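Please look over the model below before reading on.

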Amino acid sequence: MNTKLAAIAAVSLLLFAGCVSSAAKLGRVQNGMTKNQVVALLGNPDSASVRGHIEYFTYYLADETSGREQAYMVRLVDSRVESVGRFV
């Protein structure tokens, strides 16, 4: 029984650590990066939408201070990062 509990705790910790490191990677996204560079850094977005030549990538990442998931947006104009931010 203790082995199962330890395994569950270890998997949970790894999943949480992966979310935190993903949120930290968001700070490395810079204006002018290509869409492919964003996906290589953050992975595929949780959702995406397109309006003309503007794309919006939404990522749900753990907030480093609270540990709760927050929605972050990457706005691409002509397939290049124009802005990055958190939904309030």
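**Notes on the sheet and its helix**

1. M73 stands opposite G85 in β4. Strand β3 (residues 69-77) and β4 run antiparallel and are joined by 6 bridges. Strands pair here if DSSP finds at least two bridges between them. Strands (E, at least two residues) and helices (H or I, at least four) are DSSP runs, numbered from the N terminus.

2. The model is predicted: local features need pLDDT of at least 70, and side-chain atom pairs count only at pLDDT 80 or more, while totals for chains, interfaces and linings use all residues. Residues are numbered from 1 along each chain as its sequence is written, and side-chain values use heavy atoms, with hydrogens and water left out.

3. The open sheet has 4 strands in the order β1-β2-β3-β4, with antiparallel pairing. β1 (47-51) and β4 (80-86) are at the edges with a single partner strand each, so one side of each has no neighbour in the sheet.

4. Which residues of α2 are buried? V38, L41 and L42 are (buried means under 20% relative accessible area, exposed over 50%, partly exposed in between; 1.4 Å probe, protein chains only). They lie on the same side of α2, because they cover an arc of only 80 degrees around the axis (the arc of the directions from the helix axis to the C-beta atoms). N36 and A40, on the other side of α2, are exposed.

5. V29 touches V38, L41, L42, V81 and V84, leaving aside residues up to four places away in sequence. Contact means heavy atoms within 4.5 Å.

6. Just after α2, G43 takes a positive phi of about 90 degrees.
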